[in-house]
Amino acid sequence: MSFTRDDVDIISRETGFKGFYRLDVLNLRHRLFNGGWGPVLRRELFVRHDAVCVLPYDPWLDQVVLIEQVRIGALEKSDNPWMLELVAGLIDTDESPEEVAHREADEEAGLTLRSLHPIIRYYPSPGGSDEFVHLYCALVDSRGVGGIHGLAEEGEDIRVSLWPREQAMQALHSGRIDNAASIIALQWLQLNVDALRADAGAQP
């Protein structure tokens, strides 16, 4: 049996909160695998713009660029809420995901992306959020990269650092890197690094 959106009956939908993000309250029911309709369910939906995440990789020096900034979601469950992450941003205008990737790389890390390689698109938490992530790996020249970046008007305080690829993988395995986009991207890089380095050729 295959279902579609027509098999979900949204009885009501109201906005419970609206700030930088939005929380909607829905009453709905859906068809059941064994036939018929299930009971009416009340669900809260965290509504946010789709996101773009980019793993900058230097194939000539075999190292990745990671950023570090405080994350309120980790305040109560981590001794270190300053998370090692990918360059990332929200699609909150009419920009394409690729345009957001290039803009955020410049704003958050002072980087120029030479090429973008799509990894995957996915829902990070579809049980309660409609966020959709566009995940990329980008080839970069990492010479001279580093320091503190971010937009002051957005309260950003972002530290940029270079990691040899194997050290980044060790940080993943030890749990120092513990957010989904970074884990997925680094694992993809491990599977595709030989092809990326071969295609990159000599350093320009």
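Trainee: Which residues do ring pairs link into a cluster?

Mentor: This is a predicted model, in which local features need pLDDT of at least 70, side-chain atom pairs count only at pLDDT 80 or more, and totals for chains, interfaces and linings use all residues. Residues are numbered from 1 along each chain as its sequence is written, and side-chain values use heavy atoms, with hydrogens and water left out. Rings of Phe, Tyr and Trp (its six-membered ring) pair if their centres lie within 6.5 Å, planes under 30 degrees apart counting as stacked, over 60 as edge-to-face and the rest as tilted. The cluster that ring pairs link consists of Phe20, Tyr21 and Phe46.

Trainee: How many aromatic pairs does a search of the whole structure find, and what is the angle between the planes of Phe20 and Tyr21?

Mentor: The search of the whole structure finds four aromatic pairs. One of them joins Phe20 and Tyr21 in an edge-to-face arrangement, with 4.8 Å centre to centre and an angle between the planes of 80 degrees.

Trainee: How many residues apart in sequence are the parts that the pair of Tyr21 and Phe46 ties together?

Mentor: Tyr21 and Phe46 form an edge-to-face pair, at 5.0 Å centre to centre and 75 degrees between the planes. Helices (H or I, at least four residues) and strands (E, at least two) are DSSP runs, numbered from the N terminus. Because Tyr21 lies in the loop between β1 (8–18) and β2 (22–30) while Phe46 lies in strand β3 (residues 41–47), the parts tied together are apart in sequence by 25 residues.

Trainee: Is Phe20 buried or exposed?

Mentor: Buried means under 20% relative accessible area, exposed over 50% and partly exposed in between, with a 1.4 Å probe and protein chains only. Tyr21, at 28% relative accessibility, counts as partly exposed, and Phe46, at 30%, is also partly exposed. Phe20 has a relative accessible area of 64%, so Phe20 is exposed.

Trainee: Which residue lies over the face of Trp37?

Mentor: A charge sits over a ring if NZ of Lys or CZ of Arg is within 6 Å of the ring centre and within 35 degrees of the ring normal. At 4.5 Å from the ring centre of Trp37, the residue over its face is Arg29.

Trainee: What is the relative accessible area of Gln63, and which residues does Gln63 touch?

Mentor: Gln63 is in strand β5 (residues 63–70) and counts as buried, because its relative accessibility is 13%. Contact means heavy atoms within 4.5 Å. Not counting residues up to four places away in sequence, Gln63 touches Pro56, Tyr57, Asp58, Ser142, Leu162, Trp163, Pro164 and Arg165.

Trainee: What separates the C-alpha atoms of Leu191 and Leu55?

Mentor: Leu191 is found in helix α3 (residues 180–200), and with a relative accessible area of 74% Leu191 is exposed. Leu191 and Leu55 are 136 residues apart along the chain, and the separation of their C-alpha atoms is 14 Å.

Trainee: What percentage of the residues of the protein chain count as buried?

Mentor: The protein chain has three helices and 11 strands, and its C-alpha trace spans about 60 × 40 × 35 Å along the principal axes. Of its 204 residues, the share that counts as buried is 40%.
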